[in-house]
Amino acid sequence: MSIYQCPSPNASTNTCDVLKYLIVMLAVLWLISVGTERLGYNWQWYRVPRYIFTFEDGHLAAGPLILGLMVTLQISGISLLLSFAIGLTAALFRLSDSHAARFLARCYLEIIRNTPLMVQLFFIYFVLGPVLGIERFFSAVLALSLFEGAYTSEIFRSGIVSIQKGQWEAAYSLGLGRFDTYRYIIMPQAIRRILPPLTNQGISLIKDSALVSIIAVYDLTMQGQVIIAETFLTFELWFTIAAIYLAVTMTLSVLVNFLENHLSVQV
Amino acid sequence: MIKVPKITLLDVVIMLVVTGILGYIGYRITVGIHYKWNWSAIPQYLFRIDKNNGGWTANLLLQGLFTTIRLSVWATLLATILGTVAGFFRISKSLFKRLLGRTFVELMRNTPPLVLIFIFYFFVSDQIMSFLGVDDFIRNTSERTQSVITFLFAPPRFFSAFISAAITVAIFEAAYITEIVRAGIQSIEKGQFEACNALGLSWRQQMQYVILPQAIQRILPPLAGQFISTIKDSAIVSVISIPELCFQGMELMAATYLTFECWITITVLYLTLTLSLSLAVERLEIFFRRSTA
């Protein structure tokens with residue numbers, strides 16, 4: 001089929017395509033609902049809203065799912081800040097002159113990046129928890145921070161390395177020490193370049209925070225599992241929880257896009 | 001000139017702090033909580049004597065390791081097929097296909113893998129597996145087929161759960177492979193596409209003879225990295241009781257209460273698996289860089 005036979009895309013073919021896409025999406029939803037009903041699953045969507053919000057004494061109260069979402073956002077927020085701190089330290093260690101610092105950072109990165117987050121969560125909760133007296137919530141925060149800190153450190157390191165050598169040489173010739181060079185010259189430029197990937201880490205953290213339900217921290221996923229164990233509303237609740245996670249991550253994605261467009265650096 | 005390593009202040013500080021932390025942890029383990037180390041109990045969970053032929057065979061932990069490897073291999077194969085198709089959709093001329101591809105990738109990449117696994121696993125194993133009658137089919141095959149299936153996949157009584165888990169992990173990984181394939185194809189210079197148009201090649205001929213042979217070299221290293229990532233993500237299926245390495249670790253800990261030894265062993269096993277594969281991937285990248293240079 002040569003290119004002369006293909007119609008070029010215009011408004012009417014675009015509308016056709018969008019309509020075809022909507023039809024396919026509706027067909028998928030219909031298939032899921034009809035297919036599961038034929039095999040015995042009874043959809044009961046009307047029972048779901050009471051777990052999102054309830055009316056108590058005339059005003060709106062948050063249901064278990066929203067309380068779980070608050071815990072998820074709490075864990076993700078604290079872990080994000082802690083992972084920035086750990087990541088920045090690890091990046092600076094990897095770029096330093098000291099052999100011990102480089103070796104330590106390298107060991108940390110290789111161990112954290114090559115083991116699953118689940119194993120790290122269990123290790124910190126069952127092994128380091130009793131030893132250092134860390135309780136459940138902070139074991140989860142620590143495990144998430146260490147895990148994301150490894151990836152954050154690579155982002156920081158790539159941002160710092162991307163600054164031209166001329167900046168370092170100018171700082172040296174002005175007599176600035178290493179710390180002052182980082183503080184006044186390098187980091188302000190580097191942070192502007194890596195702000196979008198850093199905010200992507202926030203999205204990654206919200207997704208990975210779902211795993212803390214395995215050590216029974218009452219986040220959104222755990223609340224969902226508890227409600228499903230009581231009511232067997234399996235599919236309704238898992239789709240609702242997925243929709244809540246999607247809403248949060250898509251909002252953050254929009255924020256990341258906004259940052260990318262408005263803080264873009266002309267290199 | 002021999003380079004003498006310079007000891008800086010940071011070196012000294014770090015060595016003191018690390019020694020201090022290790023010392024404190026050691027003190028807390030022995031004096032604080034009186035943990036009794038029992039490393040001698042671990043090897044029996046790695047290997048055991050087979051009653052039939054008297055040789056060493058794998059026990060719990062190594063069986064879990066092999067299940068992890070099988071699960072990751074099958075999931076990556078399925079995900080590569082699905083991801084390549086979705087990758088072609090993402091860069092298609094048709095807006096319809098582009099919308100479908102984008103929806104798939106964004107949905108899979110923005111939901112937590114744990115939630116996706118619960119949704120897909122229940123759906124695939126309850127609805128699709130019983131619809132296809134996989135369990136009955138496996139039970140009715142011969143002894144020899146069952147031993148082949150056990151080696152490639154899982155023992156017949158776990159077969160349906162294993163396949164459901166593999167499909168679930170594959171759907172989730174396919175979203176990342178879609179982006180790898182898309183980036184690989186889009187990295188081919190536009191001149192190649194224009195030359196194919198000028199020669200009058202159809203889309204299939206263009207992909208088969210010109211674009212894919214070049215794109216595959218750029219796609220393989222990230223794809224291998226994604227395989228290593230799949231090994232780590234396969235740990236999540238332990239929440240649905242697939243007997244892979246992390247699940248066996250939890251069982252071991254519940255049975256023996258040797259928490260420290262158990263989790264240190266599991267971590268070391270995962271590290272050996274992924275670090276050796278990472279080295280192999282580095283060799284692969286060097287080989288490709290040499291052959292294109």
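Colleague: What share of the residues of chain A count as buried?

Modeller: One thing before that: this is a predicted model. In chain A, 33% of the 267 residues count as buried.

Colleague: And what radius of gyration does chain A have, next to a compact globule of 267 residues?

Modeller: Chain A has 24 Å. The C-alpha atoms of chain A fill a box of roughly 75 × 70 × 45 Å along the principal axes.

Colleague: How many helices and strands are there in chain A?

Modeller: Chain A has 9 helices and 2 strands. From the N terminus, the order is α-β-β-α-α-α-α-α-α-α-α.

Colleague: Which way do strands S1 and S2 of chain A run, parallel or antiparallel?

Modeller: Antiparallel. S1(A) covers residues 53–56 and S2(A) covers residues 59–62, with 4 bridges joining them. Phe53(A) stands opposite Ala62(A) in S2(A).

Colleague: What sits between S1(A) and S2(A)?

Modeller: There are 2 residues between them, and the strands form a hairpin. Asp57(A) is in the turn, with a positive phi of about 55 degrees.

Colleague: What about contacts in chain A, how many link residues 24 or more positions apart?

Modeller: That's 71% of the contacts with a separation of 6 or more.

Colleague: Switching to chain B. How far apart are the end C-alpha atoms of helix H10?

Modeller: Only 35 Å. H10(B) has 31 residues, 203–233, and a straight helix would reach 45 Å at 1.5 Å a residue.

Colleague: Where does H10(B) bend?

Modeller: At Ile211(B), by about 55 degrees. A proline, Pro213(B), follows within four residues.

Colleague: Which residues of H10(B) are buried?

Modeller: Among them are Ala215(B), Ile219(B), Leu223(B), Gln226(B) and Phe227(B). An α-helix has 3.6 residues a turn, so residues three or four places apart point the same way. The buried list also runs through Thr230(B), Ile231(B), Lys232(B) and Asp233(B).

Colleague: Last topic. How many residues does each chain bring to the contact?

Modeller: Chain B brings 44 and chain A brings 47. On the chain B side, helices H1, H4, H5, H11 and H12 each supply at least two residues. H12(B) gives the most, with 9 residues.

Colleague: How do the residues on that side of chain B divide by type?

Modeller: Into 29 nonpolar, 12 polar and 3 charged.

Note on methods:
Residues numbered from 1 in each chain as written. Chains lettered and ligands numbered in written order. Predicted model: local features only at pLDDT ≥ 70, side-chain atom pairs only at ≥ 80, totals over all residues. Rg over C-alpha atoms; globule rule 2.2 N^0.38 Å. Buried ≥ 20, exposed ≤ 12 C-beta atoms within 10 Å, placed from the backbone. Contact = placed C-beta atoms within 7 Å. Expected span 1.5 Å × (residues − 1). Bend = angle between axes of the 7 residues up to and from the residue. Nonpolar A, V, L, I, M, F, W, Y, C, P; charged D, E, K, R; others polar. Pairing = 2+ DSSP bridges.
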